[in-house]
Amino acid sequence: PGGYMIKTEVKNKVGIIYLDRQDALNALNCEMIGEIDKALRDFEKDPAIKAILFDSKADRGLSAGGDLKEIYYDYIKNDKEKNKDEFFKKEFELNKYIMTYPKSIISHWYGVTMGGGIGLTIHSDLIIADESVNWAMPETSLGFVPDVSVGYYISKLPQAMGQLVGLTGARLYPDDLIRFSLADLLIDSKDYQKILEKLFAFDTSSTDFIGDFSKEIESYAKKPGETENTQNMEKIEKYFGKDSLEEILKSLEANQEDDFAREKLEILKERDPFMTQVQFEKYFYGKNLTREETIDLDLKIINHGLKTGEIEEGIRTVMIDREDRPSWPVKTFSDVDKNEVKNLLKIK
């Protein structure tokens, strides 16, 4: 049961939602969002169900994020469609519902876990990640910024790290997710089935379900070790811990003999200059926002990117005409109108 793109199951008072659109690596489209929403509402109404588990039937991971090709063809390029932001509205409504969901939610992060797949699960009460997880928010390459309220969490990262992740779409490794409190438990993938067995045998009448279950499985926890990010921490601080985007770009340009600086500058040069500036400011602005305010701002920024053609150009070059380099509406970082950025973010 469940639907065409998800499967649902109930085991020992746990309602399971498996993402099951495997040919598209569980890319979320409107239909799938509707199915997830319905499953959650059915589980909410059922008093026998005490907790929810988000998981995936795909070997390659949880979810690649929103279905950008469908957004491109069905909304952006479809002249009959007046509501170009329809997909995002539905997705964000689902995310908001999950933020305040009355039952405990557990999520399994593994393999490709990106964009909308993160948005769907980041508000869970318990996130279990394994060594295979490849976590990233690559939206500045797509003509917008990390959305689905993930900016709320990016703004809580140490400044240089938050800017690296937000501006360049840099990957966070499994150990980073624990170190920065984005996931709760790092496990070995071979232990996941044992953890599920414990979940399906667990006393669900517990008043502190998540707390008690976390204790039950803490013996599977791995201590976070070094990652490429922690090894590069000095460089990340040196280049990305700056007070302006200009200074970040300058310091990268001044250190082209350093592979790390050269690679990051190449990435930033491909990014949408306007949205990259928006993301730089949004890191600071987001520190004072709730998750709900963050996701409302995300929709405002997306609508701006739909109007200017930035999102169309981003999706076109990343997903459709992959050979082509993007031609952004604002051509260079120095052409960005800072007042427009501030107005978009409502920074006084």
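**Exercise 1. Which element gives the largest share of the lining of the second largest pocket, and how many residues does that share hold?**

Before we start, please keep in mind that this is a predicted model.

*Solution.* 
- Start with the space: the second largest pocket holds about 290 Å³.
- Next, look at its lining of 17 residues, where Lys269, Pro273, Lys331, Thr332 and Phe333 lie nearest the centre.
- Now list the elements that give two or more residues to this lining: α12 (245–253), α13 (259–270) and α14.
- The largest share, four residues, comes from α12.
- To finish, sort the lining by class: seven residues are nonpolar, three polar and seven charged.

**Exercise 2. Work out the strand order and pairing of the open sheet of three strands.**

*Solution.* 
- The order is β4-β6-β8, and the pairing is parallel.
- At the edges sit β4 (61–63) and β8 (134–136), each of which pairs on one side only.
- From one strand to the next, the twist averages 20°.
- Zoom in on one pair: β4 and β6 (residues 112–114) run parallel and are joined by two bridges.
- Within this pair, glycine 61 stands opposite valine 112 in β6.

**Exercise 3. Classify the packing of helix α1 against helix α3.**

*Solution.* 
- Find the two helices: α1 covers residues 30–45 and α3 covers residues 86–99.
- Their axes are 10 Å apart, and the packing angle is about 25°.
- Angles under 35 degrees count as roughly parallel, so α1 is roughly parallel to α3.
- As for handedness, α1 passes α3 in a left-handed crossing.

**Exercise 4. How many cavities of 30 Å³ or more are there, and what lines the largest?**

*Solution.* 
- The count comes to one cavity of 30 Å³ or more.
- About 30 Å³ of space lies in the largest cavity.
- Its lining consists of Gly151, Tyr152, Ser155, Gln279, Lys282, Tyr283, Gly286 and Thr294.
- The elements giving two or more of these residues are α5 (151–154) and α14 (273–285).
- The largest share, three residues, belongs to α14.
- By class, the cavity lining has two nonpolar, five polar and one charged residues.

Definitions and conventions: Residues are numbered from 1 along each chain as its sequence is written. This is a predicted model: local features need pLDDT of at least 70, side-chain atom pairs count only at pLDDT 80 or more; totals for chains, interfaces and linings use all residues. Side-chain values use heavy atoms; hydrogens and water are left out. Two strands pair if DSSP finds at least two bridges between them. Axes are lines fitted to C-alpha atoms, for helices over the stretch in contact, and angles run from 0 to 180 degrees between N-to-C directions. On a 1 Å grid over the protein atoms alone, a cavity is a set of points where a 1.4 Å probe fits but cannot get out, and a pocket is an open set with protein on both sides within 12 Å along at least five of seven lines; lining residues have an atom within 4 Å of a point. Grid points are joined across faces, edges and corners, and a volume is the space filled by probe spheres set on the points. Ala, Val, Leu, Ile, Met, Phe, Trp, Tyr, Cys and Pro count as nonpolar, Asp, Glu, Lys and Arg as charged, and the others, Gly among them, as polar. Angles under 35 degrees count as roughly parallel, over 145 as roughly antiparallel, 65 to 115 as roughly perpendicular and the rest as oblique. A crossing is left-handed if the near helix is turned anticlockwise from the far one by less than a right angle, and right-handed if clockwise.
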